[in-house]
Amino acid sequence: MNALRQWLAGGPGQVATRAAAAVALAWLVLLPSLGAGDSTLFTMTLMFTSVAVAINWNLTGGFTGYVDFGHAVWFGLGAYVTAILMSLQANSLGIGWPPVPAIVIGASAAGALAALIGRATMRLKGPYFSIAMLGTFVAVREIVRIWGGLTGGGVGLTLPPYLNRQLFYYVELVLVVGLAALVWWLRRTRFGAALVAIREDELGAEMRGIATTRLKVATFSFAGASTGLFGGLWAYQNTFVDPDIAFTEARTLDAIMGTLLGGLGTVAGPVLGSVALYWLREVLWANLLDYHLVAQGVLLILVVLLVPRGIVGAFDRRGRSVRRLWRSPPSGAGTPAGSPTEADLPDLPDGPDSPDLPDATHSGQAAAAGGTRGDRDRPGPGRAGLEGAGIVKRFGGLTAVDGVDIEVAPGEMVGLIGPNGSGKTTLFDCLSRVVNADGGAIRLDGADISGLAPHRVARLGVSRTFQIIRVYRDLTVRENMELSIQWGGIGLRGLFRRTDSATRAKAEQLMELLMLDGLSDEPAGTLSGGQRRLLEIGMALMSDPRLVLLDEATSGVNPSLVEDIKDRLRVINEQGVAFLLVEHNVGFVADLCERVVVLDAGSKLAEGTPRQVMDDPAVVEAYFGAAGRSGEAAAHDPGGRTEGCET
Ligand code: ADP
Ligand code: MG
């Protein structure tokens with residue numbers, strides 16, 4: 001019912017697109033009865049296979065941004081396991097397994113191996129992952145070649161003939177349409193939105209509570225199983241496998257080219273692109289013979305240069321630029337916070353597909369009420385809060401944090417100041433588990449959290465912002481907000497649901513509070529530095545945190561906005577959220593906090609009320625350095641705007 005409503009609610013373009021899809025589907029269903037011969041049906045089945053492989057490739061390459069150069073390994077594995085089980089040589093009777101269980105086992109084997117290998121290779125980023133997967137592909141193919149007793153070696157295996165092309169045609173049609181529908185649905189769930197968050201900024205996603213490793217490996221494994229399934233079907237139809245035809249690089253390349261042509265990271269992209277590529281190749285082959293691959297290569301280069309967002313991206317900004325395939329995170333790095341250049345970027349046209357937003361949210365109220373799986377170990381209110389004891393962090397010979405004790409009680413607002421390089425950000429990184437501390441303990445309400453993964457810490461209610469802003473740049477402000485939910489509370493069922501109205505309302509409310517409501521449909525990458533800071537604060541608040549660590553929340557923010565931020569933070573604090581504020585703006589900290597901790601060269605130099613620490617001669621000396629004397633007046637005026645004190 002909901003799906004029908006969405007269908008009808010789309011704009012005229014969307015209705016037209018979907019009508020075209022329905023006509024195409026009807027034609028495909030009727031094709032065998034329209035007099036198509038076996039060879040046509042066979043060609044069509046091969047096309048379905050390349051569409052399916054491209055859809056699966058796009059799950060990791062397009063959605064999570066892990067560009068797999070060895071994806072065909074899963075196809076070959078599915079094909080080989082199926083062939084081994086079914087082959088005539090496999091047993092003395094000359095009759096192998098029946099096809100269905102053989103193909104299912106082939107797919108499962110590919111999925112299981114993908115999970116294992118993905119766990120190892122998906123620790124790698126960018127080109128390293130791609131090359132590792134290419135290596136996996138080559139290694140598996142060689143193992144198949146060498147292990148002749150089982151695989152038939154270079155000679156290959158023969159399967160029993162079965163030539164009902166029409167049945168194959170329909171089976172593959174159903175499977176490929178089902179796969180496309182599944183991916184379409186998945187992309188709209190929190191799971192799908194989380195995959196895109198991983199692509200946009202994996203560390204940021206992890207810090208906001210997304211179990212990134214689990215999700216990306218699960219996706220990789222599913223893609224492996226699904227490609228393995230089509231590999232098994234292909235082996236059955238082909239009635240013969242050998243290492244060169246089952247494991248061919250061209251299959252991976254086709255998946256990549258089809259996806260790029262259609263639109264990387266989109267649902268329809270790999271489908272449209274693979275179909276286009278398939279027919280393009282047929283036409284080129286018929287007309288150019290030996291030169292058809294050259295022509296195909298040239299065409300691909302032209303596509304990347306002229307339509308980097310592919311067919312889908314040409315109509316809809318959701319297509320992801322090929323040129324940014326290996327864009328290095330973090331978002332915002334390299335652009336100084338508040339750089340005005342970003343503010344001047346033209347607005348990208350908004351897509352017509354707002355109903356398709358990744359709705360990844362969850363009712364904050366529900367999380368606060370507790371009772372859900374992720375809240376199990378969430379500490380109750382009114383107790384100790386966050387405590388770092390004797391935190392040490394070394395980088396080579398440099399001790400960036402040297403035995404610091406720091407504590408934030410529930411609902412408290414604590415300032416953390418100190419000259420540049422004194423270790424404030426590193427201390428934040430230790431507390432939020434972005435880095436492993438070399439010593440000391442981190443406790444939340446008395447429970448040791450020193451060994452937890454960052455997303456676990458986030459799920460316990462500690463959220464943070466980053467000195468170098470981390471937002472999901474290709475997603476809209478609203479999507480950024482709705483992705484930053486309390487992931488601990490949603491459970492497995494919630495993961496496969498769309499957002500709920502309570503979270504949408506909450507995002508709306510926070511965007512209004514942070515003066516972002518006019519920008520909710522803008523991609524976050526087009527906001528000014530100051531606006532992105534506000535967005536990051538909003539994202540940190542979406543998860544119903546009990547404590548927020550803000551790293552330089554006002555740096556680069558227009559001074560006229562700083563007062564507003566201060567008021568907003570105060571309001572939020574009054575609602576019971578504790579803050580630990582790293583600030584270079586001493587006046588800002590002095591106005592907000594009852595207690596200030598001063599770091600210098602990795603050690604705690606002073607602690608007390610703003611007045612006490614400002615009056616401390618050691619602080620004045622360390623903090624203001626050579627300019628200390630002239631800065632003293634400001635230091636004695638904690639209410640004043642003492643900005644940019646670093647030397
Ligand atoms: P602050 O946030 O107070 O300006 P940081 O925590 O960023 O200080 O840095 C503390 C010290 O640690 C600095 O000397 C900095 O150069 C060093 N440092 C921070 N991160 C790294 C890193 N990843 N590798 C090596 N040194 C680092
Ligand atoms: Mg810093």
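Colleague: What does the secondary structure of the protein come to?

Modeller: In this predicted model, the protein has 29 helices and 12 strands.

Colleague: And how many of the residues are buried?

Modeller: The protein has 647 residues, and 54% of them are buried. Its accessible surface is about 26,100 Å², with 63% of that belonging to carbon and sulfur atoms.

Colleague: What share of the contacts join residues at least 24 apart?

Modeller: The share is 75%, counted among contacts between residues at least 6 apart in sequence.

Colleague: Turning to the metal, which protein donors does the magnesium ion have?

Modeller: The magnesium ion, ligand 2, has Thr-425 (OG1) and Gln-467 (OE1) as its protein donors, lying 2.0 Å from the ion. These two residues are 42 apart and link distant parts of the chain. Thr-425 belongs to helix H19 (residues 424–431), while Gln-467 sits in the loop between strand S8 (462–464) and helix H21 (477–483).

Colleague: Now ligand 1. Which residues surround it?

Modeller: The residues around ligand 1 include Phe-395, Leu-398, Ala-400 and Pro-419. Also among them are the run Asn-420, Gly-421, Ser-422, Gly-423, Lys-424, Thr-425 and Thr-426, together with Gln-467.

Colleague: Which element gives the largest share?

Modeller: Helix H19 does, with three residues of the shell. Strand S4 (398–408) and H19 each supply at least two.

Colleague: Where do the oxygen atoms of ligand 1 meet polar atoms of the protein?

Modeller: An oxygen atom of ligand 1 lies 2.8 Å from a polar backbone atom of Gly-421. For Ser-422, a backbone N or O atom is 3.2 Å from an oxygen atom of the ligand. Thr-426 uses a polar side-chain atom, at 2.5 Å from a ligand oxygen atom. Taken alone, ligand 1 exposes 560 Å², and the protein buries 59% of that area.

Colleague: Why does Thr-121 count as buried?

Modeller: Because its relative accessibility is 9%, and the limit is under 20%.

Technical notes:
Residues numbered from 1 in each chain as written. Chains lettered and ligands numbered in written order. Predicted model: local features only at pLDDT ≥ 70, side-chain atom pairs only at ≥ 80, totals over all residues. Heavy atoms only, no water. Donors = N, O, S within 2.8 Å, 3.2 Å for Na, K, Ca; no water. Helix = DSSP H or I, 4+ residues; strand = E, 2+ residues; numbered from the N terminus. Near = heavy atom within 4 Å. Polar contact = N/O pair within 3.5 Å; in protein donor to acceptor, adjacent residues only side chain to side chain. Areas by Shrake-Rupley, 256 points an atom, 1.4 Å probe, with all protein chains shown as cover. Buried < 20%, exposed > 50% of the residue type's maximum accessible area, 1.4 Å probe, protein only. Contact = heavy atoms within 4.5 Å.
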